[in-house]
Structures are given as C-alpha cells and as structure tokens.
Amino acid sequence: MKKFAQLLAVAFLFSAQLFFAQQLQESLDWINSKRIEGFNYFSGGLAQDPENRLQVTTDKIRIESKDGTKYTWFDWYTINDMRVNDEVEGKHVLYIVSNYVHEGLPLYIGIHFKTKDLSTRFSNAVEHIAKLKGGKGLIYSNYDTSKANAVIWLKARSIDIFGGDNKLRLDITEDKIRKYYLNSTESTTINWRDVKEIKSELYEANKKYKYIKIIGPTDAAGNLTTINFYIFKGMADEYVKALNSLAYKNGAQLVKEDLF
C-alpha cells in the first residue's frame, strides 16, 4: 500500500510537470507567432528601430539590435508591470517592465502594435508566462493600499519621467523622495511628512508631458524646498495620486486648496 501511494505521488508530480511544460510551451508558441505583428521594438538602451529583434525563451525575454551589439533582457519572473499607451493613432505601445534596475531605472521592453486587441492579448500572454515562471504578479494601481506598494508602483512608472541630458532620477522610499542626476552632483531631498502640496500642469512646450511640482518645507532663511520634473501625460494623474498617498500615509499636513 505504501509503495502504491509513492507511485501515485510520483505519477501526480510527473503529470503536474508535464501540464506546466505544456502550458508554458503553448504560451511561448503563441507569443512567437504574434511577435512578428509587433514593430519598432525599443527599450531604455535601444531606440525604436524596425530592425530590432525580439527573442523569447523559457527563461527570459530579450530585445537586441540587428547586429546584436545592443540588447536588453530580463527573466520572466521579474516582470511586475505592463501597460499600453494608446495616445498615438495606429501605435498601441505595450510596455513590459521588470523589477531589475539599471542606472536608477527599471529595465523594460516596448512593442508597437497596430491594434489595441492584439496589444492586450499579447500583454495577457506575457503575464501568464510571468506567473508560470514564479512571478508575483502585476502591480496595477494598488498604490493606496500601503507605503510599500506605493513605492513599488512609483518605481515601475519612473520610465515615464523625462530624464534630459543629465539623466534625472527619483529615489523614492517609504519615508522620502530624492531628486538626483546621474551626470551631476546636484540633489534635493524631501521627507514625505514635510510635503505641503503636490500639483501638476500641462507642459505647454511639449504637450506629451505634464510638469509635476512637489512643495516641501521652508527653511529658516525662508527658502522653499521643491522637487520638479516632467512626466508623460498619460501617467501624470495617477502618479500624483500615488505621491499624495505616500505623503498622507507619512502624516503630511497638505495645504487646503479651498482655504482662501
């Protein structure tokens, strides 16, 4: 009886592994059949180019230049964010974002699709593989549930911030936010509890972005501490909500807009 139970357990384990392998291969085959409908693949390290190539294996997703000298890759299980930018007609851009960080930004791969339906289905397939490979799932808009979730959400969206020539970066933790540059020693830090106001407005010079201003405390000399940056318009409103969530959760006393 004991030997039979052991054989049954082995058979069950083998069946489970076979089912997993079949699901994984079916999903990879689907992605490989549809990826030829994507175009202008790009990443943080590769500019949009119709000759860039996308590669998927059981372990990772990778984009590389035509000659293979430039590339971005990450393991499936590290994917924690995906979203589609539909603002340009005929270019439904899917962003696949990893929690791997390089030079202050998460690694990501961008793919253009001609239809929203295909970009959504492709996103679902990538998410399915990420979960099969042990990923913790996508973060979506759960930033208001805890400080930790707000930090994760904001870091994933940091690819939407305009870096400029000096490569602006935001270091966000549960307690504070720091603005710094990879190509400069300049930096500004504000503790969330000291935030007085967070606001945004459309950037008139380039209407694809919004101008975000975080207003902090005033020092003894009367100087106001602020952190300013530009972020892609489609992400700005949710980004401000997530920033406000961290400020409130740290006890910040934000100014009342309707006080006067």
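1. The second largest pocket holds about 280 Å³ of space, where a pocket is, on a 1 Å grid over the protein atoms alone, an open set of points with protein on both sides within 12 Å along at least five of seven lines, and where a volume is the space filled by probe spheres set on the points, grid points being joined across faces, edges and corners. This is a predicted model, in which local features need pLDDT of at least 70 and side-chain atom pairs count only at pLDDT 80 or more, while totals for chains, interfaces and linings use all residues. Residues are numbered from 1 along each chain as its sequence is written, and side-chain values use heavy atoms, with hydrogens and water left out.

2. The lining of the second largest pocket comprises 17 residues, and V101, P106, K155, A156 and S158 are those that lie nearest its centre; lining residues are those with an atom within 4 Å of a point. At least two lining residues come from each of β6, α3 (147–156) and β8, with α3 giving the most, namely five residues. Helices (H or I, at least four residues) and strands (E, at least two) are DSSP runs, numbered from the N terminus. By type, the lining of this second largest pocket divides into 10 nonpolar, five polar and two charged residues, on a scheme in which Ala, Val, Leu, Ile, Met, Phe, Trp, Tyr, Cys and Pro count as nonpolar, Asp, Glu, Lys and Arg as charged, and the others, Gly among them, as polar.

3. The largest pocket has a volume of about 1,100 Å³, and of the 35 residues that line it, F42, G44, Y95, Y108 and I159 are the closest to its centre. Strands β1 (39–43), β5 (79–88), β6 (91–102) and β7 (105–113), together with helix α4, each supply at least two residues of this lining. The residues that line the largest pocket divide into 15 nonpolar, 12 polar and eight charged.

4. Which residues line the largest cavity? They are G104, L105, S158, I161, L168, R169 and L170, a cavity being a set of points where a 1.4 Å probe fits but cannot get out. The structure holds one cavity of 30 Å³ or more, and about 50 Å³ of space lies in the largest cavity. Strand β8 (residues 168–172) contributes the most to the lining of the largest cavity, with three residues, and the lining as a whole divides into four nonpolar, two polar and one charged. S158 belongs to this cavity lining and also lies among the residues nearest the centre of the second largest pocket.

5. Strands β11, β12 and β13 form, in that order, an open sheet with antiparallel pairing, where two strands pair if DSSP finds at least two bridges between them. Its edge strands are β11 (197–202) and β13 (224–232), each of which pairs on one side only, and neighbouring strands of the sheet are turned by 20 degrees against each other on average, direction ignored. Six bridges join β11 to the antiparallel strand β12 (residues 209–218), and K199 stands opposite K213 in β12. Helix α4 (residues 233–249) lies across β11, β12 and β13, and runs at about 145 degrees to β13; axes are lines fitted to C-alpha atoms, for helices over the stretch in contact (heavy atoms within 4.5 Å), and angles run from 0 to 180 degrees between N-to-C directions.

6. A further open sheet of three strands has the order β2-β3-β4, again with antiparallel pairing. Here the edge strands are β2 (53–56) and β4 (71–75), each pairing on one side only, and neighbouring strands are turned by 10 degrees against each other on average, direction ignored. Four bridges join β2 to the antiparallel strand β3 (residues 60–64), and the bridge partner of V56 in β3 is I61.

7. N40, which lies in strand β1, has a phi near 50 degrees, a positive value in a residue other than glycine, and N40 is buried, with a relative accessible area of 16% (buried means under 20%, exposed over 50% and partly exposed in between, with a 1.4 Å probe and protein chains only). K167, in the loop between α3 and β8, has a positive phi of about 60 degrees although it is not a glycine, and K167 is partly exposed at a relative accessible area of 32%.

8. T188 is found in strand β10 (residues 184–191) and is partly exposed, with a relative accessible area of 23%. Not counting residues up to four places away in sequence, T188 touches I177, R178, K179, T225, T226 and I227. The C-alpha atoms of T188 and S158, 30 residues apart along the chain, are separated by 17 Å.
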